[in-house]
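Reader: I am new to this structure. Can you take me through it in short steps?

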Amino acid sequence: MTTALTQGLERIPDQIGYLVISEEGVLASAGELENDELTAGVIMQMVRTACRFRLHGTAEPPFKRMSVMFEDYVYAVTISGQKVFVVKRQNNQREPVIV
Amino acid sequence: MGCCFSAGSNQDDPKKLLIPDPNLNKIPTNGSDRNADSLPSNRTDEQALLTTILQRPALNIIDVSAVISQGLEQHEYMDRARQYSTKLDVLSRTLSQKKPVPLPSLSSQPHQVLAADLVSYADVQQVSKIAAYAYSAISQIKVDAKEELVVQFAIP
C-alpha cells in the first residue's frame, strides 16, 4: 500500500523528503523527514487549523495545498483520501535580478 | 524507639468525632510503656511531645474502613444501581457525540498538487507585506478613554 502512496511523492522535482500521515499516525516517511514524528505532529495541527478557514460562507476549505515556506526549503501539504501528504522541496527562488 | 502512651494525657480531649471511631486511642505502643516512669525527665518530655504530635492527626483521622456502615436494603440498593446506570448512559451518549471533525479531502491528485510550481517569490513578498500591515494595524489598537469609568451618582 505504501508504495502506491509514495511512488508519486518520490518523483516530485527537487524533493528532499516526504511524509504520509493519517489520523492514527505516520504511514510513510523518507529523506529529511524520515521518522520525523515531531514535524508530522506540527503539520497535522497546522493543516487542521487551516481546514477550518472558510471564504464567504463556502462549505469547503478554500485551498488545495498549504505551503510552509522557509528561506531554503518549503513544506507543501495537501489532503487526499483521509491522508495528509507532506513533501519537503528545495526553495530555489530568489529575488529576480533586474538586468 | 517506639511510642510511650501515658494513660492520663488522652482523657481531656474536648473534640468529639461525629462518627465514633472504634480505632481511636489505638496508638501503637510497645513494651517500653512500663519503663516510662523510670526514664530521666527530659527523655519523658520528649516522649510526651512525640505522643502529642501523634495524637493530633490520630484525632483528626477518620478511618473509613472502621466505620460500621448503615447497611442498605436490597430494594434500595437496586434502585440506586439503576439510577446510577441511567445517569451514566446519558453521560456516555453526550461524550461519544464529540467526535473530531474528519479530514476534508482537498484534492484527488495529491502528487500532482504537491509537484506543481511553488508559490512565486513575488507572491511571498506580497503576503509578507500584507501581514506586516496587519501586524502594524493591530498593534495600534488602543483604548481611547473619553470619560471616567467610575462615577458618583448625584442624587438631588
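Reader: What area is buried between chain B and chain A?

Author: This is a predicted model. The size of an interface is often given as the accessible area lost when the parts come together. Carbon and sulfur atoms give 66% of the area buried between chain B and chain A. That buried area is about 2300 Å².

Reader: Which residues in chain B lose the most area to chain A?

Author: Three residues together account for 36% of what the chain B side buries. They are B:Leu103, B:Leu106 and B:Leu114.

Reader: Which helix gives the largest share of the side of chain B that touches chain A?

Author: Helix H3 (110–115) and helix H4 (121–139) of chain B each supply at least two residues of that side. The largest share is 5 residues. Its source is H3(B).

Reader: Which element supplies the largest share of the largest nonpolar core?

Author: This core has 19 residues, and A:Val86 is among those that touch the most other members. Several elements of chain A each supply at least two of its residues, including strand S1 (15–21) and helix H2 (37–50). The largest share, 5 residues, comes from H2(A).

Reader: How many residues are in the second, separate core?

Author: Its members include A:Tyr18, A:Ala28, A:Ala76 and A:Val87. A:Val86 touches A:Tyr18 and A:Ala76, among others. The second core has 11 residues.

Technical notes: Residues numbered from 1 in each chain as written. Chains lettered and ligands numbered in written order. Predicted model: local features only at pLDDT ≥ 70, side-chain atom pairs only at ≥ 80, totals over all residues. Heavy atoms only, no water. Buried area = accessible area lost by both parts, 1.4 Å probe. Helix = DSSP H or I, 4+ residues; strand = E, 2+ residues; numbered from the N terminus. Core = buried A, V, L, I, M, F, W, Y, C linked by side-chain atoms within 4.5 Å. Buried < 20%, exposed > 50% of the residue type's maximum accessible area, 1.4 Å probe, protein only. Contact = heavy atoms within 4.5 Å. Lists of a residue's contacts leave out its neighbours within four places in sequence.
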